[in-house]
Amino acid sequence: MFSLSDTPLWPAAFRAVRMFVLSLLAALLLLAPARAQSVEDLVRQLPEGSFSDRAAVVSQLAATGDARLVSLLEALAAGDLNVVEETGAVVTLSGRGDPLDATDALTGEGVGEVAKASVERIRVNNSLRRAVRAAIGQLTVMSPNRNTRLSAAGAMFQAADPENIPLLDEAIAQEDDDGVRRAMEEARAASMLRTEASADDFAAAVDVIAARGGRASLGILTSALPAASDEARPAIEAGIRAIENRLALLNVAQNVWYGISLGSVLLLAAIGLAITFGVMGVINMAHGEMVMIGAYTTFVVQNVIRVSFPGLFDWSLAIALPAAFLVTGLIGIAIERGIIRWLYGRPLETLLATWGLSLIIQQAVRSIFGASNREVGNPSWMSGSFDFYGIAITWNRFWIVLFALAVFAILLVVMKRTSLGLQMRAVTQNRRMASSMGIRTPWVDALTFGLGSGIAGLAGVALSQIDNVSPNLGQGYIIDSFMVVVFGGVGNLWGTLVGALTLGVVNKFLEPYAGAVLAKIFVLVFIILFIQKRPRGLFALKGRAVEA
Amino acid sequence: MITQRLLNALGGKVLWVAAILLVIAVLVPASNLLLPVGHPLRVPNYMVALLGKYLTYAMLALALDLVWGYVGILSLGHGAFFALGGYAMGMYLMRQIGDRGVYANPNLPDFMVFLNWSELPWYWWGFGNFWFAMLMVMVVPGLLAFVFGWFAFRSRVTGVYLSIITQAMTYALMLSFFRNDMGFGGNNGLTDFKDILGHPVQASATRATLFAVTAIALAAALLVCSAITRSKLGKVMVAVRDAESRTRFIGYRPEYVKLFAFVVSAITAGIAGALYVPQVGIINPGEFAPANSIEVVVWTAIGGRGTLYGPIIGAVLVNYAKTWFTGAYPELWLFALGGLFVAVTLFLPKGIVGTVGDWRTRWRDRRAISAAKIAPSGTDDSSDPPKVVRARSADPAAPLGASKPQPAE
Amino acid sequence: MPRTDTMLYLDGVSVAFDGFRAINNLSLVLDKGEMRAIIGPNGAGKTTMMDIITGKTRPDTGEVFFDGTIDLTRHDEADIAMLGIGRKFQKPTVFESHTVEDNLLLALKGKRSIFPTLFHRRSTLEEDRIGEILAVIRLEERRHDLAENLSHGQKQWLEIGMLLAQDPKLLLVDEPVAGMTDAETAETARLLRDIAKTHSVIVVEHDMHFVRELDVKVTCLHEGSVLSEGSLDFVSADERVVEVYLGR
């Protein structure tokens with residue numbers, strides 16, 4: 001389970017950005033039709049008249065604020081714009097030889113092939129170019145739309161074109177949104193690094209980039225390094241180091257998060273085991289199957305909801321939680337009454353009997369639900385992700401961490417504050433004494449086992465959100481759960497918490513260096529060695545009672 | 001001397017089983033090779049391989065019994081030693097393929113060519129030699145058991161903790177062997193064997209020989225284990241099982257006793273694995289799966305632990321049942337196996353052999369009592385104790401069924 | 001008396017479990033060939049003292065010397081047993097699934113390492129010794145019975161027999177007559193006095209009649225240190241001892 005693949009967050013973040021940009025463009029396109037006629041007319045006027053007439057056309061175009069014009073104008077400035085003589089259509093050309101493929105410069109749609117001879121290049125001179133550049137600026141960094149300005153600044157940061165500097169200066173001067181201004185300053189700084197600017201300007205630019213951080217900034221600084229003058233070099237190097245440190249820190253934070261996420265899954269899977277093992281000394285090898293039954297309960301609940309109450313789907317997990325707790329808890333009590341109570345004081349036999357039971361349960365589930373994975377849906381609030389200081393966090397992982405901690409807290413309260421918990425602890429410490437003081441130990445045993453199994457069921461509900469729901473679901477968790485309990489120390493819930501989180505984090509830190517499988521092997525070997533050093537785990541109960 | 005006779009009686013059953021194994025070692029290959037195909041008494045080819053496989057499993061169960069039944073170490077990782085022995089044999093068999101592989105590379109097994117490896121990794125050196133491979137069949141599992149046991153037993157890791165870390169051990173090994181980089185064929189393991197000692201593995205004469213070797217090896221292992229358990233050390237082993245710290249206070253070192261048994265057991269398991277591989281024609285990381293090792297425990301338990309020959313019976317019975325079930329009702333097999341686990345622990349804690357032994361004791365008991373009623377001898381000649389006593393003490397290491405865990409102090 | 005002449009020498013020994021001082025600055029000297037009875041209420045530290053001597057528990061501070069020169073704190077249980085300290089536990093612990101005879105055989109003095117044990121063949125000398133011990137502990141007729149089938153008192157005796165088989169220089173005997181009949185108790189006292197002729201012995205016991213029958217120097221422990229020491233009459237006349245036993 002250490003190998004459980006986390007949803008890769010970077011691609012997810014990337015997708016989110018792309019979605020954002022696409023919707024932005026879509027919104028802009030929706031605005032377009034009202035003025036479409038005039039924009040297209042103006043474009044058709046581009047090839048005609050003197051350079052100054054055409055400069056006027058360009059500024060009129062800029063006034064329309066149509067975002068599609070940006071690429072058209074860029075093509076114009078680059079001298080890539082052509083006019084088809086017959087139709088007067090303004091196109092860009094691609095391909096080789098004759099005829100060429102023509103694309104409408106405004107809409108970006110292909111308009112078929114044109115013969116080389118039938119098109120004429122739209123010529124530009126420097127004054128027209130200036131007008132074009134100003135127009136582009138007006139369309140983008142000076143657009144009234146904040147998001148347009150922001151993405152324009154972002155694009156300019158990527159391009160890092162020194163020619164953008166005057167435009168950016170102008171835009172920065174009149175910008176009143178802090179976020180956008182910062183983006184523009186960063187774009188300006190990135191462009192500045194490509195110039196022969198003075199050492200002071202250069203250092204200031206490096207500072208801005210270094211403050212921005214991120215891999216792109218690192219790339220810019222690194223590429224600026226070879227060409228930089230000697231006096232500028234130390235500043236750049238310092239900037240690179242600063243960014244790298246920050247990136248490393250972010251990386252650490254990200255790994256810690258992944259580790260906590262994995263640890264919370266381990267905690268969920270192990271905590272029920274910690275109770276049955278710690279309190280009763282019972283090795284329940286069917287614990288994983290209880291988790292699996294919890295997951296299948298979620299599947300059944302969701303199916304009922306889909307068929308009968310589709311409106312409740314977002315509540316399906318909330319409904320599945322008590323259902324899973326009850327189902328697995330009752331099964332647990334049945335197991336305790338039917339099998340385990342005959343085997344007290346014989347832990348190895350209990351281990352074997354419950355293993356047999358796990359085989360039976362697995363096969364039963366396979367017979368009922370089939371061997372293949374079952375689809376358990378994520379409610380809307382479990383889908384997607386959010387960004388937390390540069391760390392992308394998926395909602396399902398986030399909720400599972402919270403859920404695991406909540407289960408842990410509730411369990412602590414149950415153990416410390418309720419009479420059941422008191423009796424359980426009494427039985428752990430001295431079974432005979434507890435029984436002679438009037439505690440009905442068989443009853444406590446049954447309820448304890450039921451509680452442990454019920455918590456496994458809760459874990460199953462959570463795991464159904466991130467793992468495949470199949471009859472083998474539980475098997476993947478059982479060894480790791482035991483490792484957590486043994487590592488943390490038997491009979492101590494805090495030990496289980498620390499054990500689970502430690503193993504989760506250690507595993508995730510090893511993964512980048514060793515790969516998931518090797519990391520897991522290392523962790524196993526580490527625990528095997530650790531048990532030699534501290535046979536009773538991190539937080540062992542002390543005293544004579546444990547020795548027996 | 002009565003003790004001598006008692007010990008002989010204990011050895012007697014083991015000797016019988018060993019003798020039966022030796023007879024099988026002759027009869028099965030003979031019937032397979034000498035009788036014409038279609039003869040009602042002929043053991044068909046597939047059956048020879050199947051029986052051979054059962055016997056290697058029996059040897060694995062025997063190995064487990066030595067540590068579980070006699071020293072109380074429930075290893076949930078014995079499949080690892082079996083698999084390591086199997087891999088050592090598999091590596092020899094891979095080297096024998098030579099240039100007959102798909103890629104026809106005389107030096108490298110196919111999967112290495114596939115991985116673009118240019119030369120044989122160092123840990124494959126020497127496996128072209130049969131004697132070296134056979135040495136490794138014993139050394140590798142033995143060494144792993146030694147290192148693992150050295151740490152575990154010295155730190156006094158016992159009971160379920162030990163069981164759990166043995167399980168973690170085999171699990172870690174499984175994950176390792178699944179990796180292609182390990183150089184053991186990854187997922188697919190080692191297969192497509194051609195020759196063993198120059199004889200084609202598939203030929204019926206080779207298969208018959210392998211079967212005979214397996215049966216003889218099992219008989220030998222049984223006798224060795226029996227000799228160990230009947231020695232004074234064997235008694236110390238049982239003492240360690242029942243009251244570990246008490247043995248310390250009379251000067252024994254339980255950790256070394258355990259280590260000895262664990263290493264011998266691992267070597268036996270390794271040999272079983274080595275015999276298994278040429279007969280089934282493949283070894284892959286699945287053999288390390290924790291579930292496999294636990295299954296061995298149920299063979300041992302059902303046969304009767306602490307009896308040595310019980311696990312042999314258990315392994316053959318359970319595996320025969322598995323073959324039959326997976327043929328007739330495949331979906332019911334796991335129910336049956338799971339049910340076996342539960343039933344054995346609840347109703348047959350001493351296994352088949354132990355339970356049958358109990359019946360016999362009870363029967364003799366009754367007879368002895370009625371005999372005593374008829375002819376009260378009234379003698380206290382200690383050289384002739386009542387039969388019941390002899391029957392009980394005939395099995396000093398009788399399966400306890402762990403009915404009474406006995407704390408040392 | 002110089003340390004080198006003693007059989008057992010404890011000086012300033014303390015040990016605490018989780019803050020609870022089980023043994024507190026305990027000093028005790030046992031001469032060679034001496035038998036000593038140790039009494040004290042529950043929790044006085046008697047068993048913990050035995051644990052320290054036999055290497056089961058390590059003291060936090062203090063010196064523990066055996067036979068004058070051997071520092072016991074540097075050895076573990078098996079070492080100490082081989083050095084010549086035998087122990088009988090409070091709760092009789094014999095190897096239940098072995099016969100009486102095999103229990104003695106395992107305890108019999110001899111090499112304990114793996115291979116000598118594996119290839120061990122019983123000599124007539126050992127055979128005779130087992131016979132002798134069986135006679136002493138009066139279990140000849142139960143020779144081939146499993147130890148689990150013995151009565152409580154017989155298990156106690158078997159354990160004493162195992163001690164004899166070990167032939168240690170020092171015997172630590174923890175509550176040897178618990179659960180015995182009066183006749184058995186008297187018999188045990190006779191047996192121990194017999195043993196004491198050739199061995200050093202420490203007996204921990206609650207039963208005052210038994211202690212009186214032993215007729216040896218008595219040490220009374222309380223809260224982990226020595227409260228009073230001397231003849232039984234002297235100790236039982238000590239006011240502090242009376243106070244401890246009768247409660248305040």
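Reader: Which residues of strand β7 (residues 391-394) of chain A are buried, and on which side does each lie?

Author: Start with the general idea. In a regular strand the side chains alternate between the two faces of the sheet. Now the case here, in a predicted model. Ile391(A) and Ile393(A) lie on one side of β7(A). Ala392(A) and Thr394(A) lie on the other. All four are buried, so both faces of the strand are covered.

Reader: Which strand pairs with β7(A), and in which sense, parallel or antiparallel?

Author: Strands of a sheet pair through backbone hydrogen bonds, either parallel or antiparallel. Here the partner is strand β6 (residues 385-388) of chain A. The pairing is antiparallel and runs over four bridges. Find Phe386(A), and you will see Ile393(A) of β7(A) opposite.

Reader: How many residues lie between β6(A) and β7(A)?

Author: Two, and the strands form a hairpin. Look at Tyr389(A) in the turn: its phi is positive, about 45°.

Reader: What does Leu250(A) contact, beyond its neighbours within four places in sequence?

Author: Tyr389(A), Gly390(A) and Ile391(A). Leu250(A) itself is found in helix α11 of chain A. Compare sequence with space. Leu250(A) and Tyr389(A) are 139 residues apart in sequence. From C-alpha to C-alpha, they are 8.7 Å apart in space.

Reader: Is Leu250(A) buried, exposed or partly exposed?

Author: Leu250(A) has 28% relative accessibility. Buried needs under 20%, and exposed needs over 50%. Therefore Leu250(A) counts as partly exposed.

Reader: Which residues of helix α10 (residues 214-224) of chain A are buried?

Author: First, the general idea. An α-helix has 3.6 residues a turn, so residues three or four places apart point the same way. In α10(A), the buried residues are Ser217(A), Leu218(A), Ile220(A), Leu221(A) and Ala224(A). They cover an arc of only 160° around the axis, so they sit on the same side of α10(A).

Reader: What do the buried residues of α10(A) pack against?

Author: Four helices of chain A: α6 (146-159), α8 (178-192), α9 (199-212) and α11 (233-280).

Reader: Now the five-stranded sheet of chain A. What is the order of its strands?

Author: Read across the sheet: β4-β3-β2-β1-β5. The sheet is open, and its pairing is antiparallel. β4 (110-114) and β5 (119-121) of chain A stand at the edges. Each has a single partner strand, so one side of each is left without a neighbour in the sheet. From one strand to the next, the twist averages 40°.

Reader: How many bridges join β1(A) to β2(A)?

Author: Three. Strand β1 (residues 81-84) and strand β2 (residues 90-94) of chain A run antiparallel. Follow the facing residues. Leu81(A) stands opposite Thr92(A). Asn82(A) stands opposite Val91(A). The hairpin has five residues between these strands, and Gly88(A) takes a positive phi near 75°.

Reader: What about β2(A) and β3(A): how many bridges do they pair over?

Author: Four, in the antiparallel sense. β3(A) spans residues 100-104. Leu93(A) faces Ala102(A) in β3(A). This hairpin also has five residues between its strands, and Gly95(A) takes a positive phi near 95°.

Reader: Turn to chain C. Which strands are at the edges of its four-stranded sheet?

Author: Take the order to begin with: β2-β1-β4-β5, open, with antiparallel pairing. The edge strands are β2 (20-31) and β5 (70-71) of chain C. Each pairs on one side only. Two bridges join strand β4 (residues 61-66) of chain C to β5(C). There, Phe66(C) stands opposite Ile70(C).

Reader: Which strands does helix α1 (residues 46-53) of chain C lie across?

Author: β1 (6-17), β2 and β4 of chain C. The helix runs at about 115° to β1(C).

Reader: And the cysteines: how many disulfides are there over all chains?

Author: The rule is a pair of cysteine sulfur atoms within 2.5 Å. By this rule the count is zero. Cys225(B) is buried, with a relative accessible area of 2%. Cys220(C) is buried too, at 0%.

Reader: Last, the wider view. How is chain A divided into domains?

Author: Into domain 1 (38-224) and domain 2 (262-471). Their centres, taken over C-alpha atoms, are separated by 60 Å.

How values were computed
Residues numbered from 1 in each chain as written. Chains lettered and ligands numbered in written order. Predicted model: local features only at pLDDT ≥ 70, side-chain atom pairs only at ≥ 80, totals over all residues. Heavy atoms only, no water. Domains from an automatic or database assignment. Buried < 20%, exposed > 50% of the residue type's maximum accessible area, 1.4 Å probe, protein only. Pairing = 2+ DSSP bridges. Axes fitted to C-alpha atoms, helices over the stretch in contact; angles between N-to-C directions. Arc of directions from axis to C-beta. Contact = heavy atoms within 4.5 Å.
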